[in-house]
Amino acid sequence: MTDHQSGITVRAPAKINLHLGVGARREDGFHPLVTVYQAVGLCDDVRVERSPGWTLGVTVPDWIDPDAVPVTGDNIVDRAAGLLAAHHGIEARAAVSVTKAIPVAGGMAGGSADAAAALVALDRLWDVHTSDDDLLRIAAELGSDVPFALLGGTALGTGRGELVEPVVDSSTWWWVAVPSREGLSTPAVYRRHDELNPDAPEEPESAATLLLALATGNPGILAGALHNDLEAAAVDLRPDLADLLALGEDSGALRGLVSGSGPTCVFLTAGADEARAVAGELVGAGHDVVLVANGPVAGAHVVTYA
Ligand code: C5P
């Protein structure tokens, strides 16, 4: 029962693509993907409260430019609420506040996390008991990464990334993430990828090597298997990322990788102490925002009912 509740907070994680194989552009404009997602402990919180109307507020930490966040009416959370309400034939009424900690337009699926968290939170607030299948279908309509943000953990993604199945991953992997002040547009990175790869195969590169590496539990082996087909396009649009990747690896990371379509760069390290040491080096080299996170962590989940 939810009648006594004044509000619900749902937390949803950022993602890293451990493997991102991209095939030739489909007729619908999307690209077929074979990807391995990992949810990492950088999370946005979405709080919903009862309200006679619809309001949305967003709070950002000082390192995120508030102007980079899509405004109310044009935010993926508005769309999530609209689709969920329409599915149940009700009005979208709530006061929603999003507290961001995931880089915006950074290649870590921050908007997708907000959408997934909003779906879970509003489902509870409105007491509409959406089935898991319907929630995943609505999530896929909102964006290719949104179903994964519901699932969390480590998962294989196919289709355009929206078809997700969990992958056994019993290790804890330690990452350092360095966001950029300026985001990158995902469609622009895919377009550049198409220009750079006019003969891209229809079938994306398989994740078999990555999955075998993951199963070893050995970060040195996983580092060697990390793969991102969008990295060259992201670095082409943002050549400074090449220097950052090299700097992280020179600072003791096992491997640097552009996260998804970028521009956030992530660095796999041997463990928690090594992650903190690499982060310290990067801060020392002048990168003022350096985040340490481990994964896998849970997908969108309720954290408070008060
Ligand atoms: O699905 P989502 O809204 O996250 O996609 C944003 C954009 O990224 C799409 O409009 C498309 O340009 C590009 N994209 C793609 N192929 C995918 C996923 C995204 O081309 N599999």
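**Cavity, pocket and ligand**

Modeller: By class, the lining of the largest cavity comprises six nonpolar, no polar and two charged residues (Ala, Val, Leu, Ile, Met, Phe, Trp, Tyr, Cys and Pro count as nonpolar, Asp, Glu, Lys and Arg as charged, and the others, Gly among them, as polar). The model is predicted, so local features need pLDDT of at least 70 and side-chain atom pairs pLDDT 80 or more, while totals for chains, interfaces and linings use all residues. Residues are numbered from 1 along each chain as its sequence is written, and side-chain values use heavy atoms, without hydrogens or water.

The structure holds one cavity of 30 Å³ or more; on a 1 Å grid over the protein atoms alone, a cavity is a set of points where a 1.4 Å probe fits but cannot get out, a pocket is an open set with protein on both sides within 12 Å along at least five of seven lines, and lining residues have an atom within 4 Å of a point. The space in the largest cavity amounts to about 30 Å³, a volume being that filled by probe spheres set on the points, which are joined across faces, edges and corners. Around this cavity stand Pro-13, Ala-14, Lys-15, Ala-109, Ala-113, Asp-145, Phe-148 and Ala-149. Strand 1 and helix 4 (146–151) each supply at least two residues of that lining (DSSP runs, H or I of at least four residues for helices and E of at least two for strands, numbered from the N terminus). Strand 1 gives the most to the lining of the largest cavity, with three residues.

The largest pocket has a volume of about 1,100 Å³. It is lined by 47 residues, of which Ser-112, Asp-145, Thr-186, Pro-187 and Ser-261 are the closest to its centre. Two or more lining residues come from each of strand 1 (7–22), strand 2 (33–49), helix 1 (76–88), helix 2 (110–125) and helix 5 (186–196). Helix 5 contributes the most to this lining, with five residues. By class, the pocket lining has 20 nonpolar, 17 polar and ten charged residues.

Around the ligand are Gly-29, Phe-30, His-31, Leu-33, Gly-143, Ser-144, Arg-160, Thr-186, Pro-187 and Tyr-190, each with a heavy atom within 4 Å of it. Helix 5 provides the largest share of this shell, three residues. The shell divides into four nonpolar residues, five polar and one charged.

An N or O atom in the side chain of Ser-144 is 2.6 Å from an oxygen atom of the ligand. For His-31, a polar side-chain atom lies 2.7 Å from a ligand oxygen atom. Arg-160, by contrast, takes part through its backbone, with an N or O atom 2.9 Å from a nitrogen atom of the ligand. On its own the ligand has 450 Å² of accessible area, of which the protein covers 73% (Shrake-Rupley method, 1.4 Å probe).

Conventions: Polar contact = N/O pair within 3.5 Å; in protein donor to acceptor, adjacent residues only side chain to side chain.
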